[in-house]
Amino acid sequence: QVQLVESGGGLVQAGGSLSLSCAASGSIFSRSLMGWYRQAPGNQRELVATIASGGSTNYADSVKGRFTISRDNAKNTVDLQMNSLKPEDTAVYYCYALWLRGYWGQGTQVTVSS
């Protein structure tokens, strides 16, 4: 069983930065694909970024060049550094882990004011 706990959301002005962190329990973390998704009101949940166990990354076009995903397999954490935030980045951000099946965190709110 894997449990994911996000932290670091909040309110920021457009152009600002926020860092999200996800702490994972369980022994499979180092072998898991990890990622961040987000869901804005009225929208479907969408991929933000993923990072494989070996460190290769993938980003949604809308966040390329602004967001950076990273992981620390020794600490069982995955982080999302978000720079140059825009109002359209406002959403609940969810941590995700994939190993045989998918696991989700409870989500953390990110609000970007214009």
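Mentor: Let us begin with a term: a contact means heavy atoms within 4.5 Å. Please bear in mind that this is a predicted model.

Trainee: Which residues does Asn 83 touch, not counting residues up to four places away in sequence?

Mentor: Asn 83 is placed in the loop between β8 (77-82) and β9 (91-99). Its C-alpha lies 7.1 Å from that of Gly 15, although the two are 68 residues apart in sequence. With residues up to four places away left out, Asn 83 touches Gly 16, Ser 17, Arg 66 and Phe 67.

Trainee: Does Asn 83 count as buried, partly exposed or exposed, and why?

Mentor: Buried means under 20% relative accessible area and exposed means over 50%, with partly exposed in between. Because the relative accessibility of Asn 83 is 29%, the residue counts as partly exposed.

Trainee: What is the phi of Ser 84, and why does Ser 84 fall in its accessibility class?

Mentor: Ser 84 also lies in the loop between β8 and β9. Its relative accessibility is 42%, so Ser 84 counts as partly exposed. Most residues other than glycine have a negative phi. Ser 84, not a glycine, has a positive phi, near 50°.

Trainee: Where does Leu 100 lie, and what is its phi?

Mentor: Leu 100 lies in the loop between β9 and β10 (101-104). At 83% relative accessibility, it therefore counts as exposed. Leu 100 is not a glycine, yet its phi is positive, at about 70°.

Trainee: Which residue in the turn between β5 and β6 has a positive phi?

Mentor: Strand β5 is joined to strand β6 (residues 57-59) by three bridges, and the two run antiparallel. Thr 50 stands opposite Asn 58 in β6. The two strands form a hairpin with five residues between them, and the turn residue with a positive phi, about 105°, is Gly 55.

Trainee: How many helices and strands does the protein have?

Mentor: The pattern along the sequence is β-β-β-β-β-β-β-β-β-β-β. The count is therefore zero helices and 11 strands.

Trainee: Why does the radius of gyration agree with that of a compact globule?

Mentor: The C-alpha atoms fill a box of roughly 40 × 25 × 20 Å along the principal axes. Buried residues make up 42% of the 114 residues. A compact globule of 114 residues would have a radius of gyration near 13 Å, and the protein agrees because its own value is 13 Å.

Trainee: How far apart do the centres of the positive and negative side chains lie?

Mentor: The protein exposes about 5800 Å², of which carbon and sulfur atoms supply 48%. It has 9 positive and 7 negative side chains, and the distance between the centres of the two sets is 6 Å.

How values were computed
Residues are numbered from 1 along each chain as its sequence is written. This is a predicted model: local features need pLDDT of at least 70, side-chain atom pairs count only at pLDDT 80 or more; totals for chains, interfaces and linings use all residues. Side-chain values use heavy atoms; hydrogens and water are left out. Helices (H or I, at least four residues) and strands (E, at least two) are DSSP runs, numbered from the N terminus. The radius of gyration is taken over C-alpha atoms; the globule rule is 2.2 Å times the number of residues to the power 0.38. Buried means under 20% relative accessible area, exposed over 50%, partly exposed in between (1.4 Å probe, protein chains only). Accessible areas come from the Shrake-Rupley method with a 1.4 Å probe; for residues, only the protein chains shown count as cover. Lys and Arg count as positive and Asp and Glu as negative; His and the chain ends are not counted. The place of a charge is taken as NZ of Lys, CZ of Arg, CG of Asp or CD of Glu. Two strands pair if DSSP finds at least two bridges between them.
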